[in-house]
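Please look over the sequence and the 3D structure shown here before reading on. The report that follows takes up one topic under each heading.

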Amino acid sequence: MEKAAFLRLPGKKRKTILEKGREIYIRYDYDEITIRFLTEKMGMDMATFYRYFENKDDLVVCAYRDLISRTKYEEYPPICRFINEYEDRTDQEFFAVCRRMTNKTIRDRLMEAERDVIYPIIRQQLRAEKYKGTIRDEVDVDLIAYLYSSIGTELFDFFEKHQITDQDLQEKMKQYVYFSFFMHGIAEEKNA
């Protein structure tokens, strides 16, 4: 996790640090990156780096959380549809690098960061839909928001375990889970 000193930096300085970090993670193999290498490429003193982050994992997670917080989404009642397509090429490449992380610990941290950003958005959307009556009364909005926002990790583990590498197939499976399974499981049935 980023340290308080990083959070106290002016927004422009934080943005610059995260952009430099993303560029390094895109260009170089994650396992080969050391703190010394990071700080040299970023033009930062090692002591300064450690004032902001515990390790290189914290920087990549912070950069990923920043990226996900800028993810566009559209209302797709009764849930939101997140669009992980970015106008900035660096953002697109960084997103792809993070999705290909093979280290389970760091991948889990990335998915946790994603869930922390997405959960409140989904919860708000579900509450609005429940108020409109499009979601069954007995549905626990907090539980569904948590499940929806955390299932991405499980899908990636499933794809890895079953060696599903075809991006189109992965996308179709995600669409099914998010927009068929969830919607039919929580939506209020319409009378014919």
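## A nonpolar surface patch

Which residues form a nonpolar patch on the surface? The patch is formed by Leu 143, Tyr 146 and Leu 147, which together have about 270 Å² of accessible area. Such areas come from the Shrake-Rupley method with a 1.4 Å probe, and for residues only the protein chains shown count as cover. Patches are made of residues with over 30% relative accessible area and no salt bridge, where like charges are joined within 9 Å and nonpolar side chains (Val, Leu, Ile, Met, Phe, Trp, Tyr) within 5 Å. Leu 147 lies in helix α8 (residues 141-161) and is partly exposed, with a relative accessible area of 37%; here buried means under 20% relative accessible area, exposed over 50%, and partly exposed in between (1.4 Å probe, protein chains only). Helices (H or I, at least four residues) and strands (E, at least two) are DSSP runs, numbered from the N terminus.

## Basis and confidence

This is a predicted model, in which local features need pLDDT of at least 70 and side-chain atom pairs count only at pLDDT 80 or more, while totals for chains, interfaces and linings use all residues. Residues are numbered from 1 along each chain as its sequence is written, and side-chain values use heavy atoms, with hydrogens and water left out.

The predictor's confidence in each residue, pLDDT, runs from 0 to 100; its mean for the protein is 86, and 91% of the residues reach 70 or more. Where pLDDT is low, the predicted coordinates should not be read in detail.

## Salt bridges

A search of the whole structure finds 18 salt bridges, each defined as a side-chain nitrogen of Lys or Arg within 4 Å of a carboxyl oxygen of Asp or Glu. One of them joins Lys 104 to Asp 157, with the closest N and O atoms 3.5 Å apart. This pair links distant parts of the chain, since Lys 104 is in helix α7 (residues 104-132) and Asp 157 in helix α8, 53 residues apart. Glu 160 and Arg 107 meet in another salt bridge, at 2.9 Å from N to O, and this pair too connects helix α8 with helix α7 across 53 residues. Glu 160 is partly exposed at 46% relative accessibility, whereas Arg 107 is buried at 6%. Lys 104, Arg 107, Asp 108, Asp 157 and Glu 160 are linked in a network of salt bridges.

Within helix α7, Lys 132 and Glu 129 are three residues apart and therefore separated by about one helical turn; their side chains meet in a salt bridge of 3.1 Å, N to O. Lys 132 counts as exposed at 55%, while Glu 129 is buried at 2%.

## Cysteines

The search finds zero disulfides, a disulfide being a pair of cysteine sulfur atoms within 2.5 Å. Cys 62 is in no disulfide, and the nearest cysteine sulfur, that of Cys 98, is 12 Å away. Cys 62 is buried, at 5% relative accessible area, and Cys 98 is buried at 2%.

## Aromatic rings

Rings of Phe, Tyr and Trp (its six-membered ring) pair if their centres lie within 6.5 Å; planes under 30 degrees apart count as stacked, over 60 as edge-to-face and the rest as tilted. The count comes to nine aromatic pairs. The rings of Phe 49 and Phe 53 have centres 5.3 Å apart and planes at 40°, so this pair is tilted, and both residues are buried. Phe 6, Phe 49, Tyr 50, Tyr 52 and Phe 53 form one aromatic cluster.
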